[in-house]
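Visitor: I am new to this structure and would like to learn how to read its features one by one. Could you guide me through them slowly?

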Amino acid sequence: MESYKEYLVFSPDYQTKIAFLSVENVQKSFTIDIDWDFPVNNEKMKMFLDIANDEENKQIQSKEDIEKSINNIAINESNNLIAFTSNDKSLFLCKIEESSVKTLSRRCFLRTSSCIRFSNCGKKLYLADKTGDVFEYMTDENNFNTAGKWVFGHISQILDLKVSIDSKYIFTSDRDEKIRVTNSPNYHEIEMFCLGHKEFVSSLTPLNNSTIISISGDGTLRLWNLLSGNQLYFTKFSFTPILLKHYPQTSSEGILCISTSDFSIKVYEYQLIDNNALKLHLLGEKQYSSDVEMAILKGNFYIEHIEEVDGVKKVFIDKIQIENKVAAFEALKEDILTILNYTSNSSVKIVKPFDVSLLFKNTGKFDNLKQYIDRKKARIENQAMKKKKE
Amino acid sequence: MEAPEIRLPQKRFYRQRAHSNPISDHSIEYPINPDELDQDIGTNHPSWKELYPEIGDKKVEFGDFGCGYGGFLISLSETYPDKISIGMEIRVKVSDYVKDRIETLRIIHPGKYQNVACLRSNSMKYMVNYFHKAQLSKMFFLFPDPHFKKSKHKWRIINPSLLSEYAYVLKKEGLLYVVTDVQDLYDWMVSHLSAHPSFERLKDDEEKSDILHDKLLNSSEEAQKVERNQGSKFLAIFKRL
């Protein structure tokens, strides 16, 4: 079978099509149409307990009246399964076959998804939602249409989820500055929390079986020992890092690609020293005009971006070429949509998994503390005055 | 005889409605992680040493989450003079009442009540910011907000997500206590705790012989209110496996 590792998979419009762009031979590229008519399996998700609960038991139905669009996309490691969630709260699972893609299942879920990720073996998929719950969906041949199962939850929006290299842990990060290390498959056991960030933790990744790195709205990148929760290293950037992609070259060296809140891409070489410190070296950067999407294929980084040319929005893909410790951004082809024969009524766009501006904590609104203390002070002074008078 | 100068705080100045949204961003200053509380002086938040000037090398071991007006917390101080207990309460005025109450008690009874303190915080969100893994040996959830509406069951302080966090901060063999006067909530809490692989309910006679059994049912303000209304009270104790 042909290896689909040669293809960059993305959605140019997050609505009608998934594109498979062959980097080696662009002529072999193709697109598939998302099958919005595929029937939804409305079987309820398995919760922790089947106690009567209106919300958990509410009839889940895909809404017909809303304009459908995709929220998250994930591809398994061997690039033969692709999953995506849509705003009608259904999870598509598709099998990539010879120049075609077959929809296997469309299962429902409860609340807006924030992240989906395949397990390392590709036999299951984790779906994290905006209220902090994580569900497990089987994706193997026998269970690809089985209802999802609740596995654990945060009391905050989950922003990223990754599986450890040895598959023993699930790492989740949330809006409340937390990184949680959960045992797998004993999801009820929390191994550790890595705490130190001062704003939402938007992205994380394991470097090896004992360390993870994370980036946050506090402008920092931190290195953690995932078993002790100890922070081993941190660096403060002059920008707000949002998403992180990582490609290891050896067990202690590799490339990090970071997108920022102001649409730029930074490429770093990192070196993990004695498993307790990190050395970062900036190899290159590029400023884009709007949202970008990062992908890794065969050890190379690709940046999907949208630019307006003569009033028409077009999709471009840059390949990051690293030579002599310098990262260069080279456009793959002038216009990707022409290669793909893309015709659609919907406009091209990149959907971000979350709106960064909403993640910073706006606590001012709820500051009833100062008011209360001021009133109390006045009361006590008043009493003291009265006493004096007496 | 002269009237005493120092009086316990009066509750009428601290009344606040019983419900609070545990999910929203309150203006709570919480520590970044438990290490921060072990420093001599806290950065944006009082350290353990500031809360318990005589704490020495001891660690907080008991936690009363949603401690209300602090009645049970105060009785914990008396029952376990060698253990450090913390009360957490999300309501600004109520937590301030408990702080003032402890401060006054410490003045009236020199040397006593040095082992209890109260924090205003949201334990549902920030539990693990305060306590290391396996730090606590007892956790109390007394008369928690029942959040009757089914859509708000997620806000209940005993729920499957949070039970894993409670298991994380509790030592092995540590105990988790729940008391309520609401039968529905009791059934909910017991079924969730029983279904969680990290917890096991104590036997009936073990629960009854717990030294705190009667105090759990009677010492908090909420418990006394239920008593006055002749309502029933339900208790369960679970062990961390």
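Guide: Let us begin with a hairpin: in the one formed by β9(A) and β10(A), with three residues between the strands, A:G132 takes a positive phi near 105°. Strands and helices here are DSSP runs numbered from the N terminus, with at least two residues (E) for a strand and at least four (H or I) for a helix. Before going further, note that this is a predicted model, in which local features need pLDDT of at least 70 and side-chain atom pairs count only at pLDDT 80 or more, while totals for chains, interfaces and linings use all residues. Residues are numbered from 1 along each chain as its sequence is written, chains are lettered from A and ligands numbered from 1 in the order in which they are written, and side-chain values use heavy atoms, with hydrogens and water left out.

Visitor: What scores does the model carry, and what is the mean pLDDT of chain B?

Guide: The model scores ipTM 0.91 and pTM 0.92. pLDDT is the predictor's confidence in each residue, from 0 to 100; for chain B its mean is 91, and 96% of the residues of that chain reach 70 or more.

Visitor: How many bridges join β9(A) to β10(A), and how many join β10(A) to β11(A)?

Guide: Two strands count as paired if DSSP finds at least two bridges between them. Strand β9 (residues 124-129) of chain A is joined to β10(A) by five bridges, and these strands run antiparallel; on this side A:V134 stands opposite A:A128. Four bridges then join β10(A) to strand β11 (residues 149-153) of chain A, again antiparallel, and there A:V134 has A:F152 as its bridge partner.

Visitor: Why is β10(A) largely enclosed by the rest of the structure?

Guide: Buried means under 20% relative accessible area, exposed means over 50%, and partly exposed is in between (1.4 Å probe, protein chains only). Five of the six residues of β10 (residues 133-138) of chain A are buried, so this strand is largely enclosed.

Visitor: Which strands form the open sheet that contains β17(A), and which of them stand at the edges?

Guide: The sheet has four strands in the order β16-β17-β18-β19 (chain A), with antiparallel pairing. At its edges stand β16 (201-206) and β19 (231-236) of chain A, each with a single partner strand, so one side of each is left without a neighbour in the sheet. The twist averages 15° from one strand to the next, where axes are lines fitted to C-alpha atoms (for helices over the stretch in contact) and angles run from 0 to 180 degrees between N-to-C directions. Within this sheet, β17(A) is joined to strand β18 (residues 220-225) of chain A by five bridges.

Visitor: Is A:I215 buried or exposed, and which residue is its bridge partner in β18(A)?

Guide: A:I215, in strand β17 (residues 211-216) of chain A, counts as buried at 0% relative accessibility, and its bridge partner in β18(A) is A:L221. Contact means heavy atoms within 4.5 Å; not counting residues up to four places away in sequence, A:I215 touches several residues, among them A:F200, A:L221, A:I242 and A:I258. A:I215 and A:I242 are 27 residues apart in sequence and 6.9 Å apart in space, C-alpha to C-alpha.

Visitor: Where does A:K370 lie, and is it buried or exposed?

Guide: A:K370 lies in helix α3 (residues 369-389) of chain A, and at 52% relative accessibility it counts as exposed.

Visitor: Turning to chain B, which residues of α7(B) are buried, and what do they pack against?

Guide: Helix α7 (residues 183-195) of chain B has 13 residues and reaches 18 Å from its first C-alpha to its last, close to the 18 Å expected at 1.5 Å a residue, the expected span being 1.5 Å times one less than the number of residues. An α-helix has 3.6 residues a turn, so residues three or four places apart point the same way. In α7(B), the buried residues are B:L185, B:Y186, B:W188, B:M189, B:V190, B:H192 and B:L193, and they pack against α6 (160-169), β5 (170-180), β6 (199-201) and β7 (234-240) of chain B.
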